[in-house]
Amino acid sequence: MEPRAVPGPVRSASDERRHQRVRVSVLGRYMLADRREYPCQTVDMSPGGVRLTCAVLGEVGERVVLYLEHIGRIEGRIARRCSDGFAVQLNATPRKRDKLASQLTWLANREMLGLPEGRSHERLVPTQPGVTLRIDGHQEIQARLIDISLSGAAIACPMTLPLGIAVTVGSTPGRLVRYFEGGFGVQFLLPLSADRFHAGMTL
């Protein structure tokens, strides 16, 4: 009697060739099927999958939702477990995978060039500084843009918000990454397009 094959994640050879893995290290969090969230860090990633370093391991085949800095929300299923984390096979449309490929190219170039976080881009003082902030996806407050860059914004705001909270600046999603007297700094999840970056732009 021949041994029965154990089914694994279905991947075509063309998928493997097309999805080249890139070594990128970004922080994030993940939610397992029990809806509890845990911190994680990426080891490498492709448009079809990502390998994470994390403390709490899920089960192979378990659905997982990821929220990664600069990438945003993605989801998939655990393909295999490692000693220090697990690998996720991503569930994404072809359009989403193309977007992921562009994001990974940007991240890989940033790491290769050694660009620092936050102030790696030229900063402009906007001509229309008034902006609406959406906090954690629902609460809206009015604030003032001090300056903006391709990667983030300095915002004058009297409200005290927790570090790491999700903040949408106008229509641009980001995360609160630092404080200063009278306000805070937000890092965008994706850099702004250089061709539309000017003092009169609307976020």
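User: In what order do the elements of the chain run from the N terminus on?
Analyst: From the N terminus on, the order is α-β-β-β-β-β-β-α-β-β-β-β-β-β. Helices are DSSP runs of H or I with at least four residues, strands are runs of E with at least two, and both are numbered from the N terminus. This is a predicted model, in which local features need pLDDT of at least 70, side-chain atom pairs count only at pLDDT 80 or more, and totals for chains, interfaces and linings use all residues. Residues are numbered from 1 along each chain as its sequence is written, and side-chain values use heavy atoms, with hydrogens and water left out.

User: How many helices and strands is that?
Analyst: The chain has two helices and 12 strands.

User: Switching topic: what share of the residues counts as buried?
Analyst: Of the 203 residues, 43% are buried, meaning under 20% relative accessible area with a 1.4 Å probe, protein chains only.

User: And how many cavities turn up in the whole structure?
Analyst: The search finds three cavities of 30 Å³ or more. A cavity is a set of points on a 1 Å grid over the protein atoms alone where a 1.4 Å probe fits but cannot get out.

User: Which residues line the second largest cavity?
Analyst: Its lining consists of Glu69, His70, Arg175, Val177, Gln187, Phe188 and Leu189, each with an atom within 4 Å of a point. The elements giving two or more residues to this lining are β11 (172–180) and β12 (183–188).

User: What is the volume of that second largest cavity?
Analyst: The volume is about 40 Å³, taken as the space filled by probe spheres set on grid points joined across faces, edges and corners.

Key. Buried means under 20% relative accessible area, exposed over 50%, partly exposed in between (1.4 Å probe, protein chains only). On a 1 Å grid over the protein atoms alone, a cavity is a set of points where a 1.4 Å probe fits but cannot get out, and a pocket is an open set with protein on both sides within 12 Å along at least five of seven lines; lining residues have an atom within 4 Å of a point.
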